[in-house]
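User: I'm new to this one. Could you walk me through how to read a few of its features?

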Amino acid sequence: MEMVKENKVDILGPPQSSAPGTTTVVTIQTETAVPDHIVWSLFNTIFMNWCCLGFAAFAYSVKSRDRKMVGDMTGARTYASTAKCLNVWALVLGLLLTITFIIFFVAGSLMISQTISEVIKQYGGP
């Protein structure tokens, strides 16, 4: 004789209580990295400080880092954006003025050497 077991499965319906279901929303705020451009500002302060733009960029970079430490990401982004703009201008002006200085230096040296050779020829040089 074989015994057959029957399994009865209850189908679950809606909850029997009339209380509304509660949900919990957890918002996880990811920390976005705000670059403060402090190394770039320091480089511009030391090497390309035309019109003190590098120093101003360094000051804004420090302010951006301070705002980031306090937790004010909006203020940190604002100061970082200003520091980046000042760094770009300091770099562009620094490169342009440096290239201009080099061109004038080379042109001046060539003119001086040409003038010296003409003077030597005029006064009986070889």
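**Reading helix packing and salt bridges**

Analyst: Buried means under 20% relative accessible area, exposed means over 50%, and partly exposed lies in between (1.4 Å probe, protein chains only). Keep in mind that this is a predicted model, where local features need pLDDT of at least 70, side-chain atom pairs count only at pLDDT 80 or more, and totals for chains, interfaces and linings use all residues. Residues are numbered from 1 along each chain as its sequence is written, and side-chain values use heavy atoms, with hydrogens and water left out.

User: Which salt bridge does Arg67 take part in?

Analyst: Here's the general idea: side chains of opposite charge can pair when their charged atoms come close. A salt bridge is a side-chain nitrogen of Lys or Arg within 4 Å of a carboxyl oxygen of Asp or Glu. Here, Arg67 pairs with Asp72, at 3.4 Å from N to O. Asp72 is partly exposed too, at 29% relative accessible area.

User: How many salt bridges are there in the whole structure?

Analyst: A search finds two. Asp36 and Arg65 form one of them, with their closest N and O atoms 2.7 Å apart. That pair links distant parts of the chain, 29 residues apart: Asp36 sits in the segment before helix H1 (38-47), and Arg65 in helix H2. Helices here are DSSP runs (H or I, at least four residues), numbered from the N terminus.

User: Is Asp36 buried or exposed?

Analyst: Asp36 is buried, with a relative accessible area of 8%, whereas Arg65 is partly exposed at 35%.

User: At what angle do H2 and H3 pack?

Analyst: To read this, take lines fitted to C-alpha atoms over the stretch in contact as the axes; angles run from 0 to 180 degrees between N-to-C directions. H2 (residues 53-70) and H3 (residues 73-122) pack at about 160°, with axes 8 Å apart. That makes H2 roughly antiparallel to H3, a label for angles over 145 degrees.

User: What does Tyr79 touch beyond its neighbours in sequence?

Analyst: Contact means heavy atoms within 4.5 Å. Tyr79 is in helix H3 and, leaving aside neighbours within four places in sequence, is in contact with Tyr60, Lys63, Ser64 and Arg67. The C-alpha atoms of Tyr79 and Ser64 are 4.9 Å apart, though the two residues are 15 residues apart along the chain. Tyr79 itself is partly exposed, at 27%.

Methods
Helix = DSSP H or I, 4+ residues; strand = E, 2+ residues; numbered from the N terminus. Parallel < 35°, antiparallel > 145°, perpendicular 65-115°, else oblique.
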